[in-house]
Amino acid sequence: SIGCGLSHQQLLASHRDAGVHLHVLEDDAMIHARLPDWFTNLPATLPWDLLYTDVYFSMLSPQTFQQLNRLVKAYRDSGTVALVNLQGVPAVGTTSYFVHRDSIGKVADLLGTDWISRCKHDDHLNHLVQAGQLRACVTVPFLSTRSTLGCRSTIDPGYTSLMQAMDLQRAALFADANLGELAEQAKQLRLGGPGNPLLTVFVETTRAILEHIDQGIHQKPG
């Protein structure tokens, strides 16, 4: 994990004077065919330091789900790719991201190596974004995704059901996602055992809230 983070830091530091935008890819990244043309047509005046093409979202709120749901539906209707500001929406993952040509040195310096004793490098980048020190956006839908090699990572020991759940959420936001297939996989994730009644209340009520958001309705119980 430290070696992976240091490779990002050293890559940024060695390109601080490159004069062009930097696209950083990890070895399990899969790029959507639309990404090169879409990025080329980005407005030059758009303010950003980091532009992610996919991330892990940390515990989506209903409000964030509503925004993502609307944008994914817009893409499927009209092919429109949007950008979502990540400040206020905690997210991690550095599978594929662009660094603005004017920000490479800034990002390298802020990333540094202090994170080694505290967290992973992508967590540290998220802290910087949430603190307002870096401006970051993500494409919605995602224009990259992890290949099947991702589950063979040597950073995290074993491929747990939690990791599978996070990967399914991430995969569902990819531009070419097979949502029906992913939904069937998601249905198999429930853990056995007696469970926690309070957890059940929160899970089922959150499910009801999100279903209402998806249908665009606010109605009294029947």
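These notebook entries record what I looked up in a predicted model of one chain.

**Conventions.** I number residues from 1 along each chain as its sequence is written, and I use heavy atoms for side-chain values, leaving out hydrogens and water. Because the model is predicted, local features need pLDDT of at least 70 and side-chain atom pairs count only at pLDDT 80 or more, whereas totals for chains, interfaces and linings use all residues.

**Overall form.** I found 8 helices and 9 strands in the chain; these are DSSP runs numbered from the N terminus, helices being H or I of at least four residues and strands E of at least two. The radius of gyration is 19 Å, close to the 17 Å that the globule rule gives for 222 residues, so the chain is as compact as a globular protein of that length. That radius is taken over C-alpha atoms, and the rule is 2.2 Å times the number of residues to the power 0.38. Along the principal axes, the C-alpha atoms fill a box of roughly 65 × 40 × 30 Å.

**Contacts.** I counted as a contact heavy atoms within 4.5 Å. Among contacts between residues at least 6 apart in sequence, 82% join residues at least 24 apart.

**Burial and cores.** I took buried as under 20% relative accessible area, exposed as over 50% and partly exposed as in between, with a 1.4 Å probe and protein chains only. Of the 222 residues, 36% count as buried. A nonpolar core is a set of buried Ala, Val, Leu, Ile, Met, Phe, Trp, Tyr and Cys residues joined through side-chain atoms within 4.5 Å. The largest such core has 32 residues, of which L12, L50, Y52, F57, V99 and V138 touch the most other members. Elements that each supply at least two residues to this core include β1 (22-25), β3 (50-52) and α5 (121-130). Its largest share, 4 residues, comes from α4. Apart from this core lies another of 11 residues, among them L35, W38, L42 and L143.

I then looked up V99: leaving aside neighbours within four places in sequence, V99 is in contact with L12, H21, L22, V24, W48, D49, L50, I104 and V107.

**Backbone exceptions.** Most residues other than glycine have a negative phi, and most peptide bonds are trans. I noted that the bond from V140 to P141 is cis, with omega near 0°; P141 sits in the loop between β8 and β9 (144-146). M59, in the loop between β4 (56-57) and α3, has a positive phi near 50°. At 79% relative accessibility, M59 counts as exposed.
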